[in-house]
Amino acid sequence: MDIFKTANVNIEYLYASLEGKEGKAVVIFKLGDHEKGLRLIKENALSMVESF
């Protein structure tokens, strides 16, 4: 979440869950600046999933 804070991107809400048998954490959030948020996700090599 620090990458969004540093870039001044507001997190409007956030939910966390575990994904299936692997037990990986999944974070679902809505950002104030969607385009900038997607760029930050890509630049910081974060993984995105279509569904879980």
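Which residue in S2 does leucine 14 stand opposite? Some notes on that and a few other spots, bearing in mind that this is a predicted model.

1. **The hairpin.** Leucine 14 faces phenylalanine 29 across the strand pair, with the phenylalanine sitting in S2. The pairing itself is antiparallel: strand S1 (residues 11-19) and S2 are joined over eight bridges. Four residues separate the two strands in this hairpin, and glycine 20, in the turn, has a positive phi of about 50°. As a reminder, side chains in a regular strand alternate between the two faces of the sheet.

2. **The largest pocket.** Have a look at the largest pocket, which holds about 680 Å³ of space. Its lining counts 24 residues, and those nearest the centre are Val27, Phe29, Ile41, Ser47 and Met48.

3. **Who builds the lining.** Three elements each give at least two residues to the lining of the largest pocket: helix H1 (2-6), strand S2 (24-31) and helix H2 (34-43). S2 makes the largest contribution, with eight residues. Sorted by class, the lining has 15 nonpolar residues, four polar ones and five charged ones.

4. **The nonpolar core.** The largest nonpolar core has six residues: Phe4, Ala7, Val9, Leu31, Leu40 and Ile41. In soluble globular proteins, nonpolar side chains tend to be buried together.

5. **Valine 9.** What does valine 9 touch, leaving aside residues up to four places away in sequence? The list is Phe4, Leu31, Asp33, Lys36 and Leu40.

6. **Asparagine 8.** I'd check the backbone here. Most residues other than glycine have a negative phi. Asparagine 8 has a positive one, near 60°. This residue is in the loop between H1 and S1. Is asparagine 8 buried or exposed? Its relative accessibility is 70%, and because the cut-off for exposed is over 50%, it counts as exposed.

7. **Alanine 45.** Here is another non-glycine residue with a positive phi, this time about 55°. Alanine 45 lies in the segment after H2. With a relative accessible area of 67%, alanine 45 is exposed.

Definitions and conventions
Residues are numbered from 1 along each chain as its sequence is written. This is a predicted model: local features need pLDDT of at least 70, side-chain atom pairs count only at pLDDT 80 or more; totals for chains, interfaces and linings use all residues. Side-chain values use heavy atoms; hydrogens and water are left out. On a 1 Å grid over the protein atoms alone, a cavity is a set of points where a 1.4 Å probe fits but cannot get out, and a pocket is an open set with protein on both sides within 12 Å along at least five of seven lines; lining residues have an atom within 4 Å of a point. Grid points are joined across faces, edges and corners, and a volume is the space filled by probe spheres set on the points. Ala, Val, Leu, Ile, Met, Phe, Trp, Tyr, Cys and Pro count as nonpolar, Asp, Glu, Lys and Arg as charged, and the others, Gly among them, as polar. Two strands pair if DSSP finds at least two bridges between them. Buried means under 20% relative accessible area, exposed over 50%, partly exposed in between (1.4 Å probe, protein chains only). A nonpolar core is a set of buried Ala, Val, Leu, Ile, Met, Phe, Trp, Tyr and Cys residues joined through side-chain atoms within 4.5 Å. Contact means heavy atoms within 4.5 Å.
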